[in-house]
Amino acid sequence: MSRGAGAARRFGAFVLASGLALTATWLLSPARRGAEADGATATAVQARVAGTPPPKSGYFHLRGAGTWSALPGGRACAAKVHRSNWEPRPLNHVPNAVMPGRGKVRAAFAASPRAVDGSYAARWDTWLLPRVSGAYTGKTDEIFQWAACKWGLPDNLLRAIAVRESTWYQYPTYTSGACVVNWGCGDIFDAASESSLQYCDGIAKVGGYDYQDDFSPGICPKTFSIAGVMSWEDPSWGPMPGNQNGTFPFNRNSTAFAVDYLGSDLRGCIEGWERWLVDGTGFKGLSAKDRMWGCVGAWYAGEWHSAAADGYIARVRRAWRDHVWRKPVFATIRPPCASAGGCVSGAG
């Protein structure tokens, strides 16, 4: 497989039971290349959320392919965000307030260029990634709005993807310090290899936490964040320093960076700049909307309309159709406690 920002991703089955009860199956599920969570039942707690959720129609809509050069910048989009004190995920407070250093982000991406073997268009490195900043702070939903505006995407799409990826949790941790698998970190390696050991050692050094202590040498998360942003770069996709693609630890520490990066990936895909993904697929004749949905599937599966990709598309569509974030029970959902790690204490 060529480089895929979202290759081999996990999925969950969102189930809202009666009252505040939730079944463990709604998010705790296996990944092609990740370990299952421990199977504990998700916790439903009483929650009083001030304000009101966004309207069903959302605030921003899809802009067509070819509009990339006319997209507004981060500052302009910050002024267009509909501010609200509605926050169903107060545990995101810390990462919602983190803006990574712009110079560090640019240096990380410059060290891991995409357009080196013809798989990506040159604009991926010269325009797209340099535009990813995470330079915004606010409530979780405000961050979705900001990124949607910046990348010409429906804000409801970003909300729905985040439902599938993390239930809108950026990076909660147990009292032990371990991350909560499938709730902000995931796609755990199946088995250790020389490449995974190099990667796990590298993110431990950069991020200040060794996930191998929670699993075993060479076993750690490939993805982080509310949006399931992959940090792992399989050597078969193309060599990158430490088998990292430049997103870590920004995707773990900053909600805005994670959603910003998701938006950039979808926009670049819609524009047809992921050549490895769209060659031979009839992509050029598709409408912007059809491209968008194909790109959503690729975010998950790293493939164009494979069975795995289409399954994910259907689940994201369902989350959007049902507007699950508007349901009162959504704000009550918390990650499960774990026998070894304790209960969730907050965001890392």
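My first question was: in which sense do strand β4 and β5 pair, and over how many bridges? I found that β4, residues 223–224, and β5 pair in the antiparallel sense over two bridges. In one of the bridges, Phe-224 has Val-229 of β5 as its partner.

I kept in mind that this is a predicted model.

Next I looked at the sheet around that pair. It is an open sheet of three strands in the order β3-β4-β5, with antiparallel pairing. At its edges I noted β3 (185–186) and β5 (229–230), each pairing on one side only.

Then I zoomed out to the protein chain. I noted 12 helices and seven strands. Of its 348 residues, 57% count as buried. For contacts between residues at least 6 apart in sequence, I noted that 73% join residues at least 24 apart. The chain exposes about 13,100 Å², and carbon and sulfur atoms supply 53% of that.

Backbone angles came last. Most residues other than glycine have a negative phi, and most peptide bonds are trans.

Asn-182 is not a glycine, yet its phi is positive, about 75 degrees. I placed Asn-182 in the loop between β2 (172–174) and β3. Is Asn-182 buried or exposed? Asn-182 is buried, with a relative accessible area of 3%.

Asp-187, also not a glycine, has a positive phi of about 55 degrees. Asp-187 sits in the loop between β3 and α7 (194–207), and it is buried at a relative accessible area of 2%.

Finally, I looked up the cis peptide bond that joins Phe-248 and Pro-249, with omega about 10 degrees. Pro-249 lies in the loop between β5 and α8 (250–253).

Terms used
Residues numbered from 1 in each chain as written. Predicted model: local features only at pLDDT ≥ 70, side-chain atom pairs only at ≥ 80, totals over all residues. Heavy atoms only, no water. Helix = DSSP H or I, 4+ residues; strand = E, 2+ residues; numbered from the N terminus. Buried < 20%, exposed > 50% of the residue type's maximum accessible area, 1.4 Å probe, protein only. Contact = heavy atoms within 4.5 Å. Areas by Shrake-Rupley, 256 points an atom, 1.4 Å probe, with all protein chains shown as cover. Pairing = 2+ DSSP bridges.
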